[in-house]
Structures are given as C-alpha cells and as structure tokens.
Amino acid sequence: MGFNGTSAQIIPVFPYDGLALNNAAGATLAGNTTVTASLTLTAGVLSTGAGNTLTVDTAGTTARTSGQVTGNLRKNYGGPGAFIFMVGTASGYAPVDTNVTAGTGNLTVTPVQGAMPPLARHIAC
C-alpha cells in the first residue's frame, strides 16, 4: 500500500503486506501497525505517534531513499539476521544497524532527540 501526496496523511491500522511512503509532508500511524513484507521510505517522515509501534515482521525488509521513522520501530526475528532500523529525529536520520546471531524475538528502537554522548575518551599517558 503506497502513501503518496503533498499533504500529511494518516495511515490506518491494518497489517500491511507492503507499506511505502512517498510524501514529503509525511504520515502518522493511527495505531500499532505491522508490515509483513516490505517497508519502503522514498520521501517523508513516518511518525508512529504517541505510544504506537510500527512492527516489521520476521520476513519483512526495508528500503530507503529518503525519510525516516520517528517513534517506536520494532523488528521481529525468527532466527539470525541483519536489519537496519531507519529511524531519526528532528535533527536528522540516525540509522541503527543490527545483526542478531542467535535466537528469536524482537528488538525495538526509539530515537531520542538530544546531544550524542561521547563514545570513547582519549586518555593521554
């Protein structure tokens, strides 16, 4: 199901075989939503809305040209596999690459607006 246009859209709550956003004005989920196949971002911000989660199911994949998901993005895993969480904030796109090496379950990423903490400190000896 494609959401294209020039004004902001609301995405109804359904399980989607494929979900594509190509709208610079963006779209917001009406509630918790699951994508069972492909999630494609061509343009625009896909906001999950307060308290909602966009879930990409075990066989689901992602593709991105532009845009990002703001809010909760979950990936269900049926076994080992890699996945890129296409998330960001008002400051911009900040993807999270994951690689599950064993087991099943899910991971949820929620981007947070703020300063990035230091990743390492250089200590002079």
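Student: Hi! What kind of model is this?

Tutor: It is a predicted model, in which local features need pLDDT of at least 70, side-chain atom pairs count only at pLDDT 80 or more, and totals for chains, interfaces and linings use all residues. Residues are numbered from 1 along each chain as its sequence is written, and side-chain values use heavy atoms, with hydrogens and water left out.

Student: Thanks. How many helices and strands does the protein chain have?

Tutor: The chain has zero helices and 15 strands. Helices (H or I, at least four residues) and strands (E, at least two) are DSSP runs, numbered from the N terminus.

Student: And what does the C-alpha trace span?

Tutor: Along its principal axes the trace spans about 60 × 35 × 25 Å. Of the 125 residues, 35% count as buried; buried means under 20% relative accessible area, exposed over 50%, and partly exposed in between (1.4 Å probe, protein chains only).

Student: Which residues have the most contacts inside the largest nonpolar core?

Tutor: Those are Ile11, Leu19, Leu39, Leu46, Leu54 and Leu73, in a core of 22 residues. Such a core is a set of buried Ala, Val, Leu, Ile, Met, Phe, Trp, Tyr and Cys residues joined through side-chain atoms within 4.5 Å. The elements that give two or more residues to this core are β3 (15-22), β4 (27-29), β5 (33-43), β7 (53-56), β10 (72-77) and β11 (81-85).

Student: What does Leu39 touch?

Tutor: Leaving out residues up to four places away in sequence, Leu39 touches a list including Leu19, Leu46, Leu54, Leu73 and Met86. Contact here means heavy atoms within 4.5 Å.

Student: Changing topic: what is the strand order in the open sheet of four strands?

Tutor: The order is β2-β4-β6-β9, with parallel pairing. Two strands pair if DSSP finds at least two bridges between them.

Student: Why is one side of β2 and of β9 left without a neighbour in the sheet?

Tutor: β2 (9-11) and β9 (68-70) stand at the edges with a single partner strand each, so one side of each has no neighbour there. Within this sheet, β6 (residues 45-47) pairs with β9 over three bridges, and Ser47 has Thr70 of β9 as its bridge partner.

Student: How many bridges join β3 to β5?

Tutor: Seven bridges join them, and the two strands run parallel. Pro15 stands opposite Thr34 in β5. Strand β1 (residues 2-4) also pairs with β3 in the parallel sense, over three bridges, with Leu21 in β3 as the bridge partner of Phe3.

Student: Now Asn76. Is that residue buried or exposed?

Tutor: Asn76 is buried, because its relative accessible area is 17%. Asn76 lies in strand β10, and its side chain makes a polar contact with the side chain of Asp57 (3.1 Å). A polar contact is a pair of N or O atoms within 3.5 Å; within protein, one must be able to donate a hydrogen and the other to accept it, and residues adjacent in sequence count only if both atoms are side-chain atoms.

Student: And where is Thr110?

Tutor: Thr110 is in the segment after β15 (105-109). With a relative accessible area of 41%, Thr110 is partly exposed.

Student: Which side chain makes a polar contact with the side chain of Thr110?

Tutor: That is the side chain of Asn72, at 2.5 Å. As for Val87, 23 residues apart from Thr110 along the chain, the C-alpha atoms of the two are separated by 7.6 Å.
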